[in-house]
Amino acid sequence: MFFVVLIRFLTGYVTFYGREGFTERFINLCSRDGIPLWNLKSDSGGFCACTTIKGYKNIRSAARRSGVRLKIRTRNGLPFFLDRYKYRWGMVAGALFFVMMLSFLSTRIWYVEVSGNERFSSASIIEVFDSMGVSIGKRKKDIDTSQIQLKAYTDLPDFSWIAINLDGSTARIEVREKVPVPEIADDKTPCNIKAAQGGQILSIKVYEGKGEVKQGDAVAKGDLLINGITENEDGTPVFHHAKGEVIAKTVREIEVIIPNKIKCRKYTGYKSTGYTVLFFGFEIPIKKAEYPQGEYEEEIKKTYAYAGKTKLPLGIIRNTVTVTSEAEEAITAAEAGNLAAMEFQQQYEELKGEAKILSESIESGEYNSGWRIKGTFICEENIAVEEKFEISQESE
């Protein structure tokens, strides 16, 4: 039944109604002349029916002989639709352009997405695949997924598994990151333990090697704490990878000075903006930004169109060029104090991560037309640091 309806739509048909005359004779004459009739039904003193375009052209003879008066009610089907718009070339051209664009875009990549990454950003992975030809606007037939996957293992060595699947107009990149191998401590190379900071020894624990200091000794930065060379009973040397922990009381200082004039970059007021349209991987320049002589800053911003949560390969690139110049700007004592406090706090937090602070003394105030914050800290920390040494063998 569906195919019958489809054929009638493609060839066109007419719905008409008849009045007066002899309806039965009209139907018999149509049947004898091979004129098809369907959907025949009574209609307020007459009848209503459908026939083909050719049938309605030949139906006049049967109507005249039966005394029936006919009138068209509706014209249906594709021929009448095309005839109605045959002078509207713009609509026809638009429909053809839509079909052509739909056919063209169905062969291209619209969207590239990445899944399975945790430590590495999707943008960095997409950038690598973009250089290998997997990009928005690329023809799907031109993408050799097997060859690109092999090359991706070379360009992305931090991934243990990489796969590319073309799903419709979307290129799906699936990855699996390698599990980082923990670093193995080097405990074979001979080394000494020296002081990273000067201070007074509070305790020393020697795990391997020979201790050269004891509790209560004062040491300077770089002094030997644990010797990696010991001697056997016969006087021959033994080389060790010295190990140990040396806790000392140290004095650490933090000093921050912010002058009342700071160097900064200022905008001169000149600005030029360029626009480029993104269309399925193609970049169509609309307006170019002017690049002046001298120093300038450039800001590039890409804006894409979205269909729901799906990013479409349609957008615009705006690049803004702004001329800048270097200048000195005077700041107030309060502003200098705030800047000094921020930098001092950052260094203070770093110190707390390295040592246990036993006591502290902090001074803050104006200094040489600026602001200074100075802190003195009594700390308790492990000052042991390894220093490797080479063993040279002289031939006789």
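**Salt bridges and their surroundings**

R252 and E381 are both buried; buried means under 20% relative accessible area, exposed over 50%, and partly exposed in between, with a 1.4 Å probe and protein chains only. This is a predicted model, in which local features need pLDDT of at least 70 and side-chain atom pairs count only at pLDDT 80 or more, while totals for chains, interfaces and linings use all residues. Residues are numbered from 1 along each chain as its sequence is written, and side-chain values use heavy atoms, with hydrogens and water left out.

R252 and E381 form a salt bridge, with 2.8 Å between the closest N and O atoms. A salt bridge here is a side-chain nitrogen of Lys or Arg within 4 Å of a carboxyl oxygen of Asp or Glu. The pair joins distant parts of the chain: R252 sits in strand β15 (residues 243–259), E381 in strand β21 (residues 370–382), and 129 residues separate them. Strands are DSSP runs of E, at least two residues long, and helices are runs of H or I, at least four residues long; each is numbered from the N terminus.

In total, the structure holds 14 salt bridges. Another one joins D167 to R172, the closest N and O atoms being 3.2 Å apart. D167 is partly exposed, at 44% relative accessible area. R172 is partly exposed too, at 27%. A further bridge links R32 and D33, with 3.9 Å between the closest N and O atoms. R32 is exposed, with a relative accessible area of 58%. D33 is partly exposed at 36%. A network of salt bridges ties R32, D33 and R65 together.

Next, the sheet. Four strands make an open antiparallel sheet, in the order β10-β12-β8-β22; two strands pair if DSSP finds at least two bridges between them. Each of β10 (210–211) and β22 (384–388) has a single partner strand, so these two stand at the edges, with one side of each left without a neighbour in the sheet. β22 pairs with β8 (residues 191–195) over five bridges, in the antiparallel sense. Within that pairing, K194 has V385 of β22 as its bridge partner.

A196 is found in the loop between β8 and β9 (199–208). Its relative accessibility is 30%, which counts as partly exposed. Along the chain, A196 and A384 are 188 residues apart, yet their C-alpha atoms are separated by 6.2 Å. Leaving out residues up to four places away in sequence, A196 touches K221, I383 and V385. Contact means heavy atoms within 4.5 Å.

The largest nonpolar core has 18 residues, and I125 and F129 have the most contacts inside it. Such a core is a set of buried Ala, Val, Leu, Ile, Met, Phe, Trp, Tyr and Cys residues joined through side-chain atoms within 4.5 Å. Two or more of its residues come from each of β5 (111–115), α7 (122–131), α8 (145–155), β6 (159–167) and β7 (170–177). Beyond its neighbours within four places in sequence, I125 is in contact with V114, N117, F120, L156, F159, I173 and V175. Another core, of 15 residues, lies apart from this one; I59, A62, V68 and L70 are among its members.

The surface has a nonpolar patch as well. Y275, F279, F282, I284, I286 and I316 form it, with about 520 Å² of accessible area together. Patch residues have over 30% relative accessible area and no salt bridge; nonpolar side chains (Val, Leu, Ile, Met, Phe, Trp, Tyr) are joined within 5 Å, like charges within 9 Å. Accessible areas come from the Shrake-Rupley method with a 1.4 Å probe, and for residues only the protein chains shown count as cover. β16 (261–279) and β17 (282–287) each supply at least two residues of the patch. β17 gives the largest share, three residues. I316 belongs to strand β19 (residues 310–330) and is partly exposed, with a relative accessible area of 34%.

Last, two backbone details. E20 has a positive phi, near 60 degrees, although it is not glycine. E20 lies in the loop between β1 (13–19) and α2 (23–32). N39, again a residue other than glycine, has a positive phi near 55 degrees. N39 is in strand β2 (residues 38–42) and counts as exposed, at 53% relative accessibility.
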